[in-house]
Amino acid sequence: GGTGGLTLIGNTFTGNSGYALQLQGFNNGALVLSGNTGSGNTYDVIQVSGSFANELTLALQGTLVYKFSYVSIPTGQTLTLMPGTIVKMDNFTNLTVNGTLMASGTVGNPVVFTSWQDDSYGGDSNGDGSATIPAPGNWYSIYVTGGNVNLDYAVVQYGGGDYYHPGLITQCYAWNGSGSNANIVVNHSTLGYNSASAVDVC
């Protein structure tokens with residue numbers, strides 16, 4: 001990622017090939033997204049990858065959903081997901097938490113972590129109609145390596161695709177049975193359709 005900040009407020013992304021917006025990590029500078037919308041793109045998605053070196057808050061942007069591909073929250077930083085935010089996890093990928101993940105939804109607007117193939121939240125984001133359907137193991141895990149996870153009114157589903165990170169939320173590394181010093185709080189949430197236990201700690 002570059003070293004500058006990025007502010008996108010009240011914009012419309014339409015008719016673009018590829019993703020509506022692609023964010024490949026920010027080493028420095030602030031990232032501000034607010035009130036953006038999109039339609040008619042190849043993928044009506046905000047694609048997010050890599051590590052972000054600053055506090056980051058992501059909220060619902062019209063009908064655009066977020067696609068996470070190997071996103072990492074660094075030590076000392078916080079990723080906050082606001083009510084109604086939908087995150088579709090790329091195939092065979094973790095969300096790695098070294099810092100803090102805060103995802104607080106509401107009864108009517110949960111924060112969602114689901115499969116890239118899942119059309120039930122945010123529609124047909126991968127643009128293939130009914131050619132693919134979500135299944136346990138599509139993505140890996142919210143992998144907590146020493147940070148903090150706080151989920152409230154969240155939906156987490158269709159993970160567990162990696163033997164070494166088998167839970168929807170994983171703190172235990174299956175290779176040697178070791179666990180990190182992590183704090184995990186999950187309330188009022190639904191964790192389902194995983195290919196192993198929903199939560200794996202040791």
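Which residues have the most contacts inside the largest nonpolar core? Select Phe-68, Leu-81, Leu-95, Leu-101, Phe-113, Ile-142 and Leu-151 in this predicted model. They belong to a core of 37 residues. Next, select residues 65-73, which form strand β8. This strand gives the most to the core, with four residues. In soluble globular proteins, nonpolar side chains tend to be buried together.

Now centre the view on Phe-113 and show what surrounds it. Leaving aside neighbours within four places in sequence, Phe-113 is in contact with Leu-81, Val-87, Leu-95, Leu-101 and Ala-103, among others. Its contacts also include Trp-139, Ile-142, Leu-151, Val-155, Val-156 and Gln-157.

For the next stop, select Val-45, Val-112, Trp-116 and Val-155. These are among the six residues of another core, which lies apart from the largest one.

Then switch to a cartoon of the whole protein. It shows 22 strands and zero helices. The radius of gyration is 16 Å, close to the 17 Å given by the globule rule for 202 residues, so the protein is as compact as a globular protein of that length. Residues 24 or more positions apart account for 64% of the contacts with a separation of 6 or more.

Zoom out for the last view. Along the principal axes, the C-alpha atoms fill a box of roughly 45 × 40 × 30 Å. Of the 202 residues, 45% count as buried.

Note on methods: Residues numbered from 1 in each chain as written. Predicted model: local features only at pLDDT ≥ 70, side-chain atom pairs only at ≥ 80, totals over all residues. Heavy atoms only, no water. Helix = DSSP H or I, 4+ residues; strand = E, 2+ residues; numbered from the N terminus. Rg over C-alpha atoms; globule rule 2.2 N^0.38 Å. Buried < 20%, exposed > 50% of the residue type's maximum accessible area, 1.4 Å probe, protein only. Contact = heavy atoms within 4.5 Å. Core = buried A, V, L, I, M, F, W, Y, C linked by side-chain atoms within 4.5 Å.
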